[in-house]
Amino acid sequence: MTSDANPQLQEKGGPVIEAQGLVRRFGKLVAVSDLSLHVAAGEIYGLIGPDGAGKTTTIRMLTGLMALDGGVARVSGEDASNVGVREQLGYMPQQYALYGDLSVDENLTFFGRLFGLNRAERERRKDRLLEITRLAPFRKRRADQLSGGMYKKLALACALLHQPVALVLDEPSNGVDPVSRRELWELIYEFVSDGMAVLLSTPDMDEAARCHRVGLLHHGKLLAEGAPDALTRRFHHETLMVRTANRDALEDLLVGREEVLALSPEGAELRLVLRRGSTQALLAWAETQVGALHWEPSKPAFEDVFLGLLADPQSCSEPAATELSGGAQ
Amino acid sequence: MSLDEHVIEVRDLSRKFGAFTAVDAVNFDVRRSEIFGYLGANGAGKSTTIRMLCGLLAPTTGHATVAGKDIARDPVGVKRSIGYMSQRFSLYLDLTVQENLQFFAGAYGIGGKKQRVAVDAALERAQLQDSRNVITKSLPGGVRQRLALASALIHKPVILFLDEPTAGVSPDSRRDFWRMIRGLAREGTTLFVTTHHLDEAEYCDRIGLMVDGKLVALGTPPELKREHVAGAMFALADTDHRALRAALAGDARVLQIQPFGRRVHLRVDAALGTPVDIQSMLTGRGVAFGEIQRIEPTLEDVFLELVGGAS
């Protein structure tokens with residue numbers, strides 16, 4: 001496992017969101033196993049991983065909605081299962097239940113009351129959130145008549161009304177179109193720039209690359225952690241683009257082979273992530289099967305890194321210098 | 001059958017709901033074996049188009065043929081020729097894998113020996129031979145998705161409509177899914193796909209982009225990037241987007257500034273083509289920045305350029 005030191009932690013006196021040795025079982029299945037992570041003020045931390053890796057279970061434990069079988073979950077230093085934590089925490093689950101037959105305005109009022117805000121304070125915060133989410137022109141519209149993107153923004157506004165120090169989002173842009181998704185991210189960056197800590201899960205690697213740090217969960221364990229840029233820089237397998245007269249035949253030939261960590265077509269070419277040191281031999285063999293190939297190295301994208309890490313958890317650990325010089329083609 | 005054959009032809013297709021025009025005089029063709037991506041914001045008219053092309057909704061004006069059948073005059077013929085799968089695809093979760101396939105085969109009038117053959121072929125396609133008696137509910141998301149795909153293909157449709165088939169699915173499952181899609185295209189099936197994952201749209205042979213009911217762009221992913229994203233793009237490491245925005249406020253050469261984790265993506269006038277140009281533009285403006293790299297636009301940049309609304 002790899003990790004980046006986070007200088008903000010020392011400065012700000014402790015993480016806002018903190019998991020220490022989290023464990024959760026469902027019957028015999030260990031959904032989350034000895035998981036530790038932290039999110040600092042002003043930081044966006046992305047939980048990524050295959051379907052069923054334990055992302056939502058982790059989020060539920062950190063938001064105090066699910067009991068732990070082991071470990072500690074804290075928000076602002078307080079145990080996540082304490083009711084008081086709700087004051088510190090904004091949470092947007094995958095399926096967010098707003099009141100469809102209430103208006104935008106009425107939904108915000110409802111959640112404001114839930115948190116015991118007095119009328120003046122509630123109205124002040126409502127106005128500000130409606131302005132920055134650009135929902136102000138739609139105050140009177142019923143929630144069930146909003147588009148998917150606007151509904152998500154209203155859900156986010158409701159989750160932020162009590163001005164939490166930590167915001168937790170479970171797949172925030174699932175089903176949201178790219179324009180609304182970028183707006184949602186602009187919003188998240190605004191709050192984070194003001195010091196909020198954000199923990200989110202996402203199946204989208206472009207979205208993951210927008211986080212300050214990511215943690216890759218697999219079978220309930222944290223396989224790797226770090227800034228997307230740093231993980232990409234440390235990724236020491238080989239990414240390349242291959243040109244061939246018959247891309248499909250090459251794909252069929254290579255799919256499932258042990259050296260191949262990932263492959264996908266890009267236009268007429270095939271993008272490959274191969275185990276370090278395997279490129280020459282593999283492609284020389286492939287040429288005998290499907291004819292001439294032209295290849296050149298390519299910079300790994302974060303999705304290449306993700307897929308590489310699933311195949312080889314050591315993909316981003318610092319390799320020994322001898323290994324590096326010996327493996328490059 | 002020739003590969004140039006059009007299996008979908010859309011001519012001035014429009015659909016109104018009262019005074020609202022959901023689809024506005026749309027024209028395009030889709031060739032046999034093509035993977036055609038149909039993109040647009042929520043509410044741009046994608047679903048209305050798909051409902052018309054699936055024979056579920058009559059057009060107000062204009063016409064379209066799907067697998068040679070007119071969508072208005074022969075909607076039943078259209079429905080027999082197509083398959084449909086969406087993110088909300090309703091498999092029966094309390095039925096086994098095999099029972100689901102039998103159900104869908106029956107719904108398409110496939111019975112007896114033909115049904116056994118079709119179900120076996122579907123099980124093989126989805127690599128679920130060993131799970132035929134498993135209750136669908138207990139399958140992981142990615143496997144369930146393969147079953148949904150196999151169900152949509154049980155009657156061997158000429159065209160398969162995929163409506164956000166991979167929403168909420170992780171990259172490894174998505175790649176497997178797209179490998180199956182490419183296999184289908186190679187065997188001659190035509191794929192009509194909507195998605196909000198624009199990295200996934202890169203896998204499409206051609207893309208049509210809808211804005212407010214109109215088709216505003218049509219082409220291969222490289223064509224769209226060339227034609228619709230002006231200027232040059234750079235990634236600036238370790239840069240604060242607010243500070244950069246403040247430093248570059250009012251500079252007409254700046255087309256877009258977008259935060260991206262610890263980086264910022266900056267799009268500028270094409271005259272500034274190298275990292276050195278950017279460096280000199282920023283020097284003396286009081287903003288800290290790290291390494292500068294030229295990057296290529298993505299389909300998301302195309303999308304945001306054409307759909308607008310991005311700040």
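What share of the contacts in chain A with a separation of 6 or more is accounted for by residues 24 or more positions apart? The share is 72%, where two residues are in contact if their C-beta atoms, placed from the backbone, lie within 7 Å.

## Basis of the report

This is a predicted model, in which local features need pLDDT of at least 70 and side-chain atom pairs count only at pLDDT 80 or more, while totals for chains, interfaces and linings use all residues. Residues are numbered from 1 along each chain as its sequence is written, and chains are lettered from A and ligands numbered from 1 in the order in which they are written.

## Chain A as a whole

Chain A contains 12 helices and 14 strands. These elements are DSSP runs numbered from the N terminus: helices are H or I runs of at least four residues, and strands are E runs of at least two. The C-alpha trace of chain A spans about 75 × 40 × 40 Å along its principal axes.

Of the 329 residues in chain A, 48% count as buried. A residue is buried if 20 or more other C-beta atoms lie within 10 Å of its own, exposed if 12 or fewer, and partly exposed in between, with C-beta atoms placed from the backbone.

## The nonpolar cores

A nonpolar core is a set of buried Ala, Val, Leu, Ile, Met, Phe, Trp, Tyr and Cys residues joined through C-beta atoms within 7 Å. The largest such core has 102 residues, and Leu154(A) and Val198(A) have the most contacts inside it. The element that gives the most to this core is α5(A), with 8 residues. A second, separate core has 64 residues, including Val10(B), Ile207(B), Leu215(B) and Val302(B).

Leaving aside neighbours within four places in sequence, Leu154(A) is in contact with Leu98(A), Val104(A), Asn107(A), Leu135(A), Ala143(A) and Leu146(A).

## Two helices of chain A

Helix α3 (residues 104–114) of chain A and α5(A) have axes that come within 9 Å and cross at roughly 25°. Axes are lines fitted to C-alpha atoms, for helices over the stretch in contact, and angles run from 0 to 180 degrees between N-to-C directions. The helices α3(A) and α5(A) are therefore roughly parallel to each other; angles under 35 degrees count as roughly parallel, over 145 as roughly antiparallel, 65 to 115 as roughly perpendicular and the rest as oblique.

On the side of α3(A), the contact is made by Val104(A), Asn107(A), Leu108(A) and Phe111(A), and α5(A) contributes Leu154(A), Ala157(A) and Cys158(A). By class, this contact of α3(A) with α5(A) has 6 nonpolar, 1 polar and no charged residues. Here Ala, Val, Leu, Ile, Met, Phe, Trp, Tyr, Cys and Pro count as nonpolar, Asp, Glu, Lys and Arg as charged, and the others, Gly among them, as polar.

## A buried arginine

Arg275(A) lies in the loop between β13 (269–274) and α10 (279–290) of chain A. Arg275(A) is buried, because 20 other C-beta atoms are within 10 Å. Not counting residues up to four places away in sequence, Arg275(A) touches His237(A), Glu259(A) and Leu261(A). Arg275(A) and Ser315(A) are 40 residues apart along the chain, and their C-alpha atoms are separated by 9.1 Å.

## Where the chains meet

In the model, 40 residues of chain A are in contact with 38 residues of chain B. Elements of chain A that each supply at least two residues to the side touching chain B include α5 (148–160), α8 (228–234) and β12 (260–266). The most is given by α6(A), with 7 residues. By class, this side of chain A has 16 nonpolar, 12 polar and 12 charged residues.
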